[in-house]
Amino acid sequence: MHRFLECPNILFLNLPSSSISQLESGIPGDFKTSCVGVTFRNELILGQDSFNIYRCSTSLGLQLEEMRGESMKGVVFTEFIEMVEKEFGVHIAEDVISSSELDSGGAYTSVGTYSHQEMLSLIENLSRKTKIDHGDLIKSFGNYLHRQFEIKYKDFFEDQDCFGFIKSIDSYIHKEVKKLYTDAELPKFEHHEPNSKTLQVTYSSSRPFADLAEGMFKRTLEYFDEGVEMSVVESSKDSSHSRQFSFKKA
Ligand code: HEM
């Protein structure tokens, strides 16, 4: 028998009942849970009701981790390697590739699909070699990737203002990306506009790239140059899989 869990971050999971019995607190029969976050690599918060927070045991967390959206489009890898070559040199790029654990061997094509663990491994090794903080490297990559998209996907930036563009990432841009690369697994950006000067956006993804989103957003603000300021909303849910941003017009 399989139990169905609906998880926006992990998409849809069918878990065998044997795994469910490993949950630290049993989930009531009629409770359909949502995955609200990850506490650390091998523990997942599945959801909560008024009484309980449903948390996976470590071993089940690891199993779930393996079932998460693993793949990442090659375009992200090719842009990353290009950035490393331009900013740190070809030798560093080669070094980083050869010292990382890469099933693909580091030969990426933009239309291919690779495990996002390879990206994490590349970043980790680049950070070790350059002594630049891991998060800072991902954020600068976000800046670089955005600049590349400005050139390669001009249409998405035309006839847009800053807020309009940010709102269109989820509702339009990534939908078009999905048509182009049907196997792409894109993050979610939910937005809320409490007034005409404020836009709140929550990033969530099965992959841990909140820093990439932050770096990209920072560049979005530079690109539109409308004096919009961004802050990260402090929250217990903040993690590399989920982050809330607040944008304010002057
Ligand atoms: C011109 C616009 C854009 C294009 C063409 C584009 C395209 C893509 C593509 C192809 C991927 C890889 C999907 C996969 O691995 O399966 C991706 C991932 C991603 N995009 Fe976009 N994107 C655009 C704008 C943005 C902007 C402005 C943000 C701002 C935050 C953003 C945030 C992300 C993030 C964080 C990921 C990594 C995947 C994840 O977190 O799960 N994108 N995008």
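**Helix 6 and helix 8**

Helix 6 (residues 134-152) and helix 8 (residues 210-224) pack with their axes 7 Å apart, at an angle of about 50 degrees. This is a predicted model, in which local features need pLDDT of at least 70, side-chain atom pairs count only at pLDDT 80 or more, and totals for chains, interfaces and linings use all residues. Residues are numbered from 1 along each chain as its sequence is written. Helices are DSSP runs (H or I, at least four residues), numbered from the N terminus. Axes are lines fitted to C-alpha atoms, for helices over the stretch in contact, and angles run from 0 to 180 degrees between N-to-C directions.

Helix 6 and helix 8 are therefore oblique to each other; angles under 35 degrees count as roughly parallel, over 145 as roughly antiparallel, 65 to 115 as roughly perpendicular and the rest as oblique. The contact (C-beta atoms, placed from the backbone, within 7 Å) includes Ile138, Phe141 and Leu145 of helix 6, and Leu212, Met216 and Tyr223 of helix 8. By class, the residues of this contact are 7 nonpolar, 7 polar and 7 charged. Ala, Val, Leu, Ile, Met, Phe, Trp, Tyr, Cys and Pro count as nonpolar, Asp, Glu, Lys and Arg as charged, and the others, Gly among them, as polar.

Helix 8 also gives the most to the shell around the ligand, with 5 residues. Among the 25 residues around the ligand, Met216 is one of those that come nearest; a residue is near if its C-beta atom, placed from the backbone, lies within 6 Å. The shell has 18 nonpolar, 4 polar and 3 charged residues.

Key:
Helices (H or I, at least four residues) and strands (E, at least two) are DSSP runs, numbered from the N terminus. Two residues are in contact if their C-beta atoms, placed from the backbone, lie within 7 Å.
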